[in-house]
Amino acid sequence: MSRTVLVTGGAGFIGSALVRHLIHCTDCRVVNVDALTYAGRLESLHEVAESPRYRFEHVDIQDTSALLRVFQDYSPAAVFHLAAESHVDRSIDGPLDFVRTNVVGTASLLAEARRYWSQLHEKEKRDFRILHVSTDEVYGSLGSTGHFTECSSYDPNSPYSASKAAADHFARVWHRVYGLPVLLTNCSNNFGPFQFPEKLIPHMILCALEGRELPVYGDGKNVRDWLYVEDHVRALLAVLEQGRVGETYIVGGDAERQNIQIVHAVCDLLDEFRPRGDGLSYRSQITYVEDRRAHDRRYAIDATKIHAELDWRPVESFESALRRTVQWYLESQWWWEPIRAGTCGGERLGVVA
């Protein structure tokens, strides 16, 4: 069915993957609403930018008058809300930016979505959906056993995760108090092409290629569940189209790995694809650095609900997806080189004195 959807944060990593998927694999008209902060890259959308079904609106979600105009101009049937500041280290250095975008921005979007939704005709009002996309980091840290579920208690340990937790609560309140048809997802660590180089996997790839040290926090044994971004996008569509209004769905890749295992895997793939000239492994560049304060030890996802209710599962294995990701960065210097020369040169952030 042809319909118009808004994607907030559509120039970001997950948002751009979603926009590309919607243009390539559906007949939706897609409106990308993005403020183009440092991690928003329109270059990530070059392959769909000329599509007659794609529009870009340079709008900050804190700007309620601009949001009202976007809703009025495009009459969307659904909203995917992905606009967010997302890097934990940056949140330690500048927490208020995260409060403004993730909390105030989300509340502003919800308010304008409700205003728009309340004025729709009955069928359009009944069919409208807004999907709020969040993170498993809101649940805090696990021990050596157990998994996060949709019923896990919130216990955020960084300004980033606290801001996302607050945004989640606002999304639920707008459903419970105002009836806005909201759905929520909380996902594990994403990776894949077009991810901003401050994140672990692209950071390690590019530092390795540049001959830099590969900094691993603490003992390197912090555990994350890893989810290929294109699998995540498919999950978001499944939730929007089939999920129950008011429900939360946790999305994971069933791929728990220690951080050091991730770094080793990246080094081994680079050894295969682009060996160092001196014959040494890229593993020789690994160095252990002071841990990040309040660094969550382990995340793990129990995705039973989305498996059972929506029949979604990852298509890619972690190994195949990581191979594709490393190959993409090796072939896509055109995308990441200007970023390395500008806003993300590989320096460490989030060091609290």
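Student: What order do the strands have in the open sheet of 3 strands?
Tutor: The model is predicted, so to speak on its own terms: local features need pLDDT of at least 70, side-chain atom pairs count only at pLDDT 80 or more, and totals for chains, interfaces and linings use all residues. Residues are numbered from 1 along each chain as its sequence is written, and side-chain values use heavy atoms, leaving out hydrogens and water. Strands (E, at least two residues) and helices (H or I, at least four) are DSSP runs numbered from the N terminus, and two strands pair if DSSP finds at least two bridges between them. The pairing in this sheet is mixed, and the order is E7-E9-E11.

Student: Which strands stand at the edges of this sheet?
Tutor: An edge strand here has a single partner strand, so one side of it is left without a neighbour in the sheet. This holds for two strands, E7 (189-191) and E11 (256-258).

Student: By how many degrees are neighbouring strands of this sheet turned against each other on average?
Tutor: Axes are lines fitted to C-alpha atoms (for helices, over the stretch in contact), and angles between N-to-C directions run from 0 to 180 degrees. For this average, direction is ignored, and the value is 50°.

Student: Which residue in E11 is the bridge partner of Asp225?
Tutor: Strand E9 (residues 223-228) and E11 run antiparallel and are joined by 3 bridges. In E11, the partner of Asp225 is Glu256.

Student: Which are the edge strands of the open sheet of 7 strands?
Tutor: The order in that sheet is E3-E2-E1-E4-E5-E6-E10, with parallel pairing. The strands that pair on one side only are E3 (54-58) and E10 (248-251).

Student: Which residue in E2 stands opposite Val7?
Tutor: Strand E1 (residues 4-8) runs parallel to strand E2 (residues 29-34), and 5 bridges join them. Among the facing residues, Leu6 stands opposite Val31. Opposite Val7 stands Asn32.

Student: How many residues of E1 are buried?
Tutor: Buried means under 20% relative accessible area, exposed over 50%, and partly exposed in between (1.4 Å probe, protein chains only). In a regular strand the side chains alternate between the two faces of the sheet. In E1, Thr4, Leu6 and Thr8 on one side are buried, and so are Val5 and Val7 on the other. The count of buried residues is 5 of 5.

Student: Which residue in E4 stands opposite Thr8?
Tutor: E1 and E4 pair in the parallel sense over 4 bridges. From E4, Ala78 and Phe80 point one way and Val79 and His81 the other way, and all are buried. The residue opposite Thr8 is His81.

Student: What residue in E5 is the bridge partner of Ala78?
Tutor: E4 also pairs with E5 in the parallel sense, over 4 bridges. The partner of Ala78 in E5 is Arg129.

Student: At about what angle do helix H7 (residues 200-209) and helix H9 (residues 259-273) pack?
Tutor: Their axes are 10 Å apart, and the angle is about 45°.

Student: How many residues of the contact of H7 with H9 are nonpolar?
Tutor: Contact means heavy atoms within 4.5 Å, and the meeting residues include Leu200 and Met204 in H7 and Asn259 and Val266 in H9. Ala, Val, Leu, Ile, Met, Phe, Trp, Tyr, Cys and Pro count as nonpolar, Asp, Glu, Lys and Arg as charged, and the others, Gly among them, as polar. With 1 polar and no charged residue, the nonpolar count is 10.
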